[in-house]
Structure formats: structure tokens, C-alpha cells
Amino acid sequence: MKFGLKYILLLVILGVLFILDLSWGATYIPLEKVFGVFGSNACVNETIVVLGFRLPKAIAALSAGMALSVAGMLMQTFFRNPLAGPYVLGINSLASLAVALLMLTAGTGVAVIIDCGVPFAASVGAFAGLLVLLSLARKIKSSVHLLMIGMMIGFLASAIQSVLEYLATAAQVKNFILWNMASLSNVTEYDLVTFFVIVLVTCLSCLFLIKPLNAMLLGHEQASLLGVNIKVAKIFVLLATAVLSGVTTAYCGPIGFVGLAMPYMVRVFFKTTNHLHQLFGCMLGGACFMISCDIISNLPIFDNTLPINIITSLFGAPYVLWLIFKNKASFD
Amino acid sequence: MSLGDTKNTFQAQNYSIGYDVPVLQNISLKFSSPGVVGIIGNNGKGKTTLLKSLCGLLKPSAGKIIFNDTDIYGITNAERAKLVSLSFSSNHISFPISVYELVCMGRYPYTNHWAGLNQNDKLIIDEALELCRIKEFKDKFITGLSDGEKQKVFIAKLIAQQTPVMLFDEPTAFLDYSSKKYFFQLMQKIATEQQKIILISSHDIDFLTAYTDELVMIEDDETVVCGTTSEVTQSTYFKTHFTRV
């Protein structure tokens, strides 16, 4: 299949999934009524459900899927390691730690402060993670060492988080665990525009990194010999990753798996490592995957909405395993 | 006039290199096009360090590296990538890049942000694939190739980069006998037809002595000897270390 057809296929799938996400949920709303909501003869209840709840959630899923997939792609290329992802760099871990500090140490009567402060704390944590990485990237040339340092930061942040959980009250721990499972419903309508615009602009700005990213697959020295200003490229790749994973953690919580698996799925689907196709593939594929997970998490067979992190791994991991075995021969 | 039509010179002037401890000190080398130059020396004596330094990856602690009148450490990576290129001795790739995509990267110094190729780039890439006899597997992924096939792909990438100075670090380590012979013949042909300066570090002494115009020999005490191939092969150090008897 030619690249154009693959893009069309992904766009069609994304459109269908987006509409299904508006239609399916705890209450089924037929498609004609979903479309009717955008018209003049809309029913009030359905308008509230579709426009007030499901549409923001679908846009949040789309944004989070794009952001995490592209962040994963950037990290895997930067470290030349298909196992890298936003998580392994410690950016998400520090964002989670900052939220843990807020949620697990604040008094029980400050729920409003916590609600408002979580995106802020996550952003501060992600930004701190970025600063640590940028300063290390200037001194440490080896990507493997940088990857290991990122992992150690992650372990350290998790350990501190565990101590905080141990010392916190049961109610505080419950709230934090729920946040840790991630949710797409917490993004307010005002934040949604900011979230979507930041993700879209950051993803599209990666178009200027296509050549450096392609060359980085051969190693940073080889990239340098092909004319890439590797110091500048490194800073922009890390900056874009921190923005994408930080803003997603800030608004939706720490969503795992997508950043690790989606770049692989896109490589298998497009059968190329050219980052022009990888970038658009990750944006479209990540959005499709996240919206699919959102649909599954809201199916009426479950009594409540399942946390998104459970769905991404529960349904995504077997699919990736199947892809690996199916494509092993053709990728060798 | 293009670079390929002129007589080029590539020289190292009183330069010293090394990581924490100096490896090679106060060396002066001068090469002119067309020329195939072999670099020989025992393991760990600084052949790779010398090549990395000559291509702009490892700044010398003293002295300069000059191409014609240009100090290669005084220009940007993008400018340098059009003058000097290097093929590494080992190339570990974890991602399934196709052979064609990898050879295309040789044109990166000449392309835009999106690495778009024009008709001329495509012709150069096709020619490089043919010269290295890898056209029949250009759609295969690099991860599925043998070490020898991978080496040919990286040689093709360097040919596609079309720099007036081409550096190879052990390019024939994984090649079979006939491919080694073909590689050295090809380098001679390219150097002569396109006015290139080609430096090849290798342990294939027989091929180097047969196909190079000059030899750079790094001795055990890190003395660097440079001369015509026939001069260097007559030296006592060469006879002691690089001949069978």
C-alpha cells in the first residue's frame, strides 16, 4: 500500500473512532442524535452528554495519543533504542513526584487547591526533569549513560513517592492512586484548547527535526558527519519530548504504554524509519489508539469508567505482541 | 568549477590529538588528489583517533587540519559534511532502516529540512548502489543483512555523500576476498576519475600495499611515518611488523 493510502486509511479510522467515542458510553446515543447535537433541533440531555462530556474527552484522548506517541518516537530515535519512551527519562517520574508531594502532603480540607494545583505541579515536575536532562546532555555524550541516568532518576522519584504514600492517610493515597491511573475526563474546556494547541504546535514543529532524527538513527557521531548540528538537535528533541509528555501528564495523569508501543506499530505499518512518515503516523496512530482505549474504558459492560492506564496496557500489549510475531520475518 | 575538477590538498599541520592522554603528537601530513592513502598500525595505536580527528569529530589539542585553504574545525558541521566524510569500522543499527533509505542519507548535506531528494540526488544514489553491487537488495532492511553486506551499504552511503576527502576505518574487515579486491579497485577508480583523496585504515596489508599510492604508518612508539607506499614498505619497522617473515 502506498503512503498516501495509508494516511487516508488512518484518517478514516480516526474519524470513525472519534464519532463512535461520542456515541458509545454508559448511555448509548444513536449516531443521528450525535450529529443532531451540532444542529438546531438538539435534545438538551444529549447536548450536555456529547458537548459537555464526551467531546472534550475525545479531544483530550486525541491530544494525549498524539503527544505521547510523538514523544515516544523522539526518545526512541534519540537513544537509538526501541525500548526508550518518555517514562524512562525521568521526566514523567518527576512530574508524578511533584503531584505526589502536593496530593500526599496537603491537608484533607484543601481539595480545591489540589484540583487546581495538580496540572501546575506536574508541569513544574516535568520542567525540572527537562532541566536536569538538558544539563546532563551537555556534559554526557553517551546516550546509554543518559538513558541509565534517566532510569535512575525514575527509580529515585518512585522511591520517594512510595515513602510519601506510606506516610499519607488512606484518603490521600486513594486520590493519588486514582490520579496515577490517569483520566481523560479531568481536562476542563478552557484547558482543552491550551492542551490541544500545545500538542499540535509541538508535534508540527518536529517537522524541522526530520533530517536530524533520521540521521540520529545511525548514531550521534554519524549524524554530525552528515551535517547535523547535533548539540542543537539534542536540545530541541529533549525540549519537545518534555513539553509533550509534561503537558499530557499535567492534564491527564501519567499515561503509560502508548509512547513505548505506538512508534513500533507505526514502523510496522508504514515499513519505513523516515521520520516524516513516522511523525504523521505517530500523530494519527496515537490518536486512534487513545480514542479506542477511551471507547473501551467507557463500554457499558463495565460498571464504571475504567482508568485509561489499565486499558492501554491490557488491550495494547497483546496487540503489540501479536504484531511482533507476525512481522518478525519481514523485519529481519 | 566543481570541487571534483580541481586539484585538492588535505593536510594536518603540526597537530596533536588524543582523548585524556595525548595519542599522537606534533604530526604533519599532506595529501593531494587524486590519491589513495593507507593507514596502518597495530591495534590501539590511534588509527581510529586519527581518522576521527581528520574528519572533524575530535578536535586536535594543537595544530590545524586544512582542506585547500579551509580549516575544517573553523566551519559548521553542514559545511564540513560537504568536504570530509568517514565510514566507521562498526555500525550497530537497532532500527529497520532500508538499504535505500540509508544510502539516501549520504545526500543529507545537500538536502532541505525534510531531506527531500531531487533528480540529481537520486541518480547519485542509484550510481552508488550499483558501484557497491547492492542494488538487488536495496529494499531490504539493514537489520537483516550480514556484516559484509552492511559494510557495503555504508561504503555506498559514503560514495553518495560525494566529498572530496573520503575516510574509511577498516572498511574491508567483514568483506570476502573478492569484495575486498573490488573495493580497493573501486577506490582507485573513484580517486582518479573524481579527483578524490581517500584514506583507508586497514589491517589488509597485502591489499593496501597493492592499491595505495601512499602509506601512513603509526609505529608502536606513536611515531607517524608517511611516504609513498614503496618507501614505507622498505622500512625496517614495516618489515618487522607487517610482513610474514
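**Sheet and chain contact in a predicted model**

Strands E3(B) and E8(B) run parallel and are joined by five bridges. They belong to an open sheet of six strands in chain B, with mixed pairing and the order E6-E7-E8-E3-E9-E10. Two strands count as paired if DSSP finds at least two bridges between them. Helices (H or I, at least four residues) and strands (E, at least two) are DSSP runs numbered from the N terminus.

This is a predicted model: local features need pLDDT of at least 70, side-chain atom pairs count only at pLDDT 80 or more, and totals for chains, interfaces and linings use all residues. Residues are numbered from 1 along each chain as its sequence is written, while chains are lettered from A and ligands numbered from 1 in the order in which they are written.

- The edge strands are E6 (84–87) and E10 (224–228) of chain B, and each pairs on one side only.
- From one strand to the next, the twist averages 15 degrees.
- E9 (residues 214–218) of chain B pairs with E10(B) in the antiparallel sense, over five bridges.
- In that pair, B:Ile218 stands opposite B:Val224 of E10(B).

**Strand E8(B)**

- E8(B) is mostly covered, with five of its five residues buried (20 or more other C-beta atoms within 10 Å of the residue's own, C-beta atoms being placed from the backbone).
- B:Ile197, B:Leu199 and B:Ser201 point one way, B:Ile198 and B:Ile200 the other way.
- In a regular strand, side chains alternate between the two faces of the sheet.
- B:Ile200 of E8(B) has B:Gly38 opposite.
- E7(B) and E8(B) run parallel, joined by five bridges.
- B:Val165 has B:Ile197 in E8(B) as its bridge partner.
- The β-α-β crossover from E7(B) through H6(B) to E8(B) is right-handed: with the strands pointing away from the viewer, the path from the first strand over the helix to the second runs clockwise.

- H6 (residues 177–194) of chain B lies across E3 (35–41) and E8 (197–201) of chain B, at about 135 degrees to E3(B).

**Chain A against chain B**

- 25 residues of chain A are in contact with 24 residues of chain B (C-beta atoms, placed from the backbone, within 7 Å).
- On the chain A side, H9 (210–216) and H10 (220–225) are the elements giving two or more residues.

Definitions and conventions. Axes fitted to C-alpha atoms, helices over the stretch in contact; angles between N-to-C directions. Contact = placed C-beta atoms within 7 Å. Buried ≥ 20, exposed ≤ 12 C-beta atoms within 10 Å, placed from the backbone.
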